[in-house]
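Trainee: Hi! Could you walk me through this one? I'm new to it.
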Amino acid sequence: MRGLKALAGVALVVLVWWGATALLQPPRYVFPSPADVMGAFAAHGGMLLRNAAITGLEIVLGLGVGLAAGVATALAIAATPLTRQLILPAVVVTQTLPVFAIAPLLVVWLGYGLASKITMSALIIYFPIATAYAEGMARVDRHLIDLARLSGASQREVLWLIRAPGGLPGLVAGLKVASTVAPIGAVVGEWVGASAGLGFVMLHANARLQTPTLFAALMLLAVLALVVRFAVDRVADRLVRWQPVS
């Protein structure tokens, strides 16, 4: 049912797009029609799919690295009041740095390969996961924690047995946000310096005024984002299946 609704939404967008180009008839290098984009797919389908596979790998690996780093940071923040006061401000400060300023440095440090793109994607994913999970653990029912401590539970046992599972709804919320923005990091990294990927294709197509090819790459990027979000939704729903959705 959810898939049918998504397809209906895509069909509506394509219909409006087709109507706008048929009515206004802009030059194809300014705003191509759906037929122009399909022609670009027919002409360059193999190249586009190869580059989409590379970008998809960067997104998935970046999501995994960002998830691991975000969860580890959130657990450290939730461990004690002191670690929260020390770590949380540092995490917030890291997000004041614009990604376009960091991306060239990552290319210099890590090269033009996958490493710099995965790191950029992970950096964008990291913050929403770390903060959402830490906030979720901070809002666990205080009565449960007091009861555990009265029963002799240590600080570590409270963290692993009560705070960590109790904060899963926050982690799920952060993960869903992260999965939506994950493609941004990969594409930004490809724009700054890459030899493959959809961002690389878009950059070169734009320079050559090959706008239909640019739109085709954008559509593939949108498909990748939807697939990643759908997969994350399925996993996230299993993590908090004990919490009903209103």
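Predicted model: local features only at pLDDT ≥ 70, side-chain atom pairs only at ≥ 80, totals over all residues.

Trainee: Which residue does Asp146 pair with in a salt bridge?
Mentor: Its side chain meets that of Arg142, with 3.6 Å from N to O. Both sit in helix 6 (residues 142-150), four residues apart, which is about one turn of the helix. Arg142 is partly exposed too, with a relative accessible area of 45%.

Trainee: How many salt bridges does the count come to?
Mentor: Seven salt bridges. Another one links Asp237 and Lys176, whose closest N and O atoms are 3.9 Å apart. Asp237 belongs to helix 10 (residues 211-239) and Lys176 to helix 8 (residues 168-192), so this pair ties together parts that are 61 residues apart in sequence.

Trainee: And which residues are joined into one network with those two?
Mentor: Arg229 and Asp233 join Lys176 and Asp237 there, through salt bridges that share partners.

Trainee: Changing topic: where is Thr73, and is it buried or exposed?
Mentor: Thr73 lies in helix 2 (residues 34-79). Its relative accessibility is 14%, under the 20% cut-off, so Thr73 counts as buried.

Trainee: What is Thr73 in contact with, leaving aside its neighbours within four places in sequence?
Mentor: Thr73 contacts Ile87, Val91, Tyr126 and Ala130.

Trainee: What about the surface, which residues make the nonpolar patch?
Mentor: Leu12, Leu15, Val16 and Trp18 make a nonpolar surface patch of about 460 Å². One of them, Leu15, is found in helix 1 (residues 2-24) and is exposed, with a relative accessible area of 55%.

Terms used:
Residues numbered from 1 in each chain as written. Heavy atoms only, no water. Helix = DSSP H or I, 4+ residues; strand = E, 2+ residues; numbered from the N terminus. Buried < 20%, exposed > 50% of the residue type's maximum accessible area, 1.4 Å probe, protein only. Contact = heavy atoms within 4.5 Å. Patch = residues over 30% accessible without salt bridge, like charges linked within 9 Å, V, L, I, M, F, W, Y side chains within 5 Å. Areas by Shrake-Rupley, 256 points an atom, 1.4 Å probe, with all protein chains shown as cover. Salt bridge = Lys/Arg side-chain N within 4 Å of Asp/Glu carboxyl O.
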